[in-house]
Amino acid sequence: MKTQTQSRKKFLFVSRWGESLDIANTIYLEGHAVKLYIEDKASKEIGYGFVPKAAQWEKHVDWADIIVFDYTGYGKIASALRAKGKFVLGGTEYTDNLELDRNFGQAELKKHKIKVIPSKEFTTFNDAIHYIETHPSSYVLKPCGETQELKQLLFVGSDEEGLDVIRVLKAYEKSWGNNFGNFQLQRKVKGVEISIAAFFNGNEFIYPINITFEHKKLFPKELGVSTGEMGTSMFWVKDSPIFEATLLKFQHTLAKHHFIGHIDINCIVNGNGIYPLEFTSRFGYPQVLIQRAGINEPLGELFYKLVTRQKFKINTKKGFQVGAFIVVPPFPYDDKKTFNLFSKDAVVVFKKNGKEGVHPMHLKKVNDEWLITGNTGIAVLVTGVGNTMKDAQKMMYNRINNVIINNGYYRTDIGDRWTEDSDKLWSWGLL
């Protein structure tokens with residue numbers, strides 16, 4: 001059911017993999033005109049039946065009031081369109097490089113007088129193995145460039161001599177050979193992993209800011225392979241010592257590059273300090289969808305205020321927001337045969353009426369039925385909100401129980417870490 005907004009705008013979404021379907025759909029239901037273009041060939045069906053689709057986004061530039069780029073890599077195009085006077089939500093070449101080039105991101109952190117965890121980039125597995133043997137310690141192995149999109153290749157070592165990372169490097173050498181590309185070894189630091197995120201209007205950060213805790217492993221209790229994400233918990237705050245020590249220091253630089261969009265920095269924090277790990281200089285997924293559950297104003301209006309460089313405060317819910325993905329085979333792996341066999345065109349069934357808090361991911365709509373499409377196996381994200389983390393979790397898991405997806409699986413502990421994490425953060429003076 002569409003609701004009328006103050007003024008109807010035309011939104012053109014340029015999407016890499018269709019991740020912004022839920023955002024485009026929300027803005028469409030708010031009464032705005034929407035066109036969604038998806039670049040990835042295997043993901044082209046995503047969004048059919050939900051929002052009007054575009055086969056070529058360039059043809060609709062003049063039509064659009066607001067153009068939204070939902071991923072990194074479009075920075076140069078986004079800046080060129082801004083220079084022509086278009087309202088654009090998305091990156092710049094500078095912010096693309098912050099995320100995509102780990103060395104550049106680390107160098108920029110140092111330039112802004114932010115301390116970083118020692119890391120070193122390698123082009124060959126042998127050099128990296130030799131380095132660990134001569135500098136024994138526990139390390140995190142991080143692919144760079146295009147390979148970093150394959151989240152299951154990221155490996156967090158636990159052996160204090162680095163022997164587990166050496167074993168993984170040898171396995172990657174056998175399976176990847178010279179096609180792996182550059183990668184980074186970063187010293188492992190123990191502490192709480194936390195992300196600080198904010199919207200930026202071209203001149204300054206917009207408050208409140210968002211504090212996020214990601215759950216990246218496939219199974220509960222952080223077991224199994226890294227997936228990129230299985231779920232997230234978050235809350236909004238008007239200030240934060242971690243924000244002041246990291247992102248806020250980039251305000252002048254982001255303004256200089258005319259960045260308009262969303263930026264996030266992932267950190268490890270402990271009693272000794274705050275250690276930034278990496279940037280996400282775009283919407284985070286599922287971060288932006290869970291944020292939507294915690295924002296009390298229409299998204300179309302929010303985006304319009306950002307691109308027109310208005311200074312405002314986002315109207316957000318108090319308390320906590322939490323979200324979990326329901327996924328199907330072959331997630332988190334890429335296996336077309338398995339996807340076609342188990343998951344393609346599988347129906348998302350709702351036991352009771354009401355899809356509140358259920359966000360479509362890689363879906364299409366046929367005869368009002370939600371069907372799984374694409375090829376990754378990410379079906380839906382389910383969110384919950386509440387005054388306490390427990391309340392938010394309870395709402396989310398009640399909603400998950402209302403959804404039936406054949407062969408679907410999800411984490412049952414999203415948000416559980418908060419009890420321990422919050423105690424540590426309070427004791428370190430970081431909340």
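**A charged pair and its setting**

Reply: Glutamate 222 has a relative accessibility of 29% and therefore counts as partly exposed; buried means under 20% relative accessible area, exposed over 50%, and partly exposed in between, with a 1.4 Å probe and protein chains only. The model is predicted, so local features need pLDDT of at least 70 and side-chain atom pairs count only at pLDDT 80 or more, whereas totals for chains, interfaces and linings use all residues. Residues are numbered from 1 along each chain as its sequence is written, and side-chain values use heavy atoms, with hydrogens and water left out.

The partner of glutamate 222 is arginine 417: the two form a salt bridge whose closest N and O atoms are 3.0 Å apart. A salt bridge is here a side-chain nitrogen of Lys or Arg within 4 Å of a carboxyl oxygen of Asp or Glu. This pair links distant parts of the chain, 195 residues apart, with glutamate 222 in the loop between β10 and β11 (223–237) and arginine 417 in the loop between β20 (403–404) and α13 (418–427). Helices (H or I, at least four residues) and strands (E, at least two) are DSSP runs, numbered from the N terminus. Arginine 417 is partly exposed, with a relative accessible area of 26%. Through shared partners, salt bridges join Glu222, Arg411, Asp413, Arg417 and Asp421 into one network.

The structure holds 18 salt bridges. One of them pairs glutamate 193 with lysine 216, with the closest N and O atoms 3.0 Å apart. Since glutamate 193 lies in strand β9 (residues 192–201) and lysine 216 in strand β10 (residues 205–219), the pair ties together parts that are 23 residues apart in sequence. Glutamate 193 is partly exposed, at 28% relative accessibility.

Lysine 111 is exposed, at 58% relative accessibility, whereas glutamate 108 is buried, with a relative accessible area of 5%.

Aspartate 101 caps the N-terminal end, with a side-chain oxygen 3.2 Å from the backbone nitrogen of asparagine 103. Just after α4, lysine 113 takes a positive phi of about 60°.

Elsewhere, four strands form an open sheet with parallel pairing, in the order β2-β1-β3-β4; two strands pair if DSSP finds at least two bridges between them. Its edge strands, β2 (33–38) and β4 (87–89), each pair on one side only. Strand β1 (residues 10–15) pairs with strand β3 (residues 66–69) in the parallel sense over four bridges, and phenylalanine 11 has isoleucine 66 in β3 as its bridge partner.

Notes:
A polar contact is a pair of N or O atoms within 3.5 Å; within protein, one must be able to donate a hydrogen and the other to accept it, and residues adjacent in sequence count only if both atoms are side-chain atoms.
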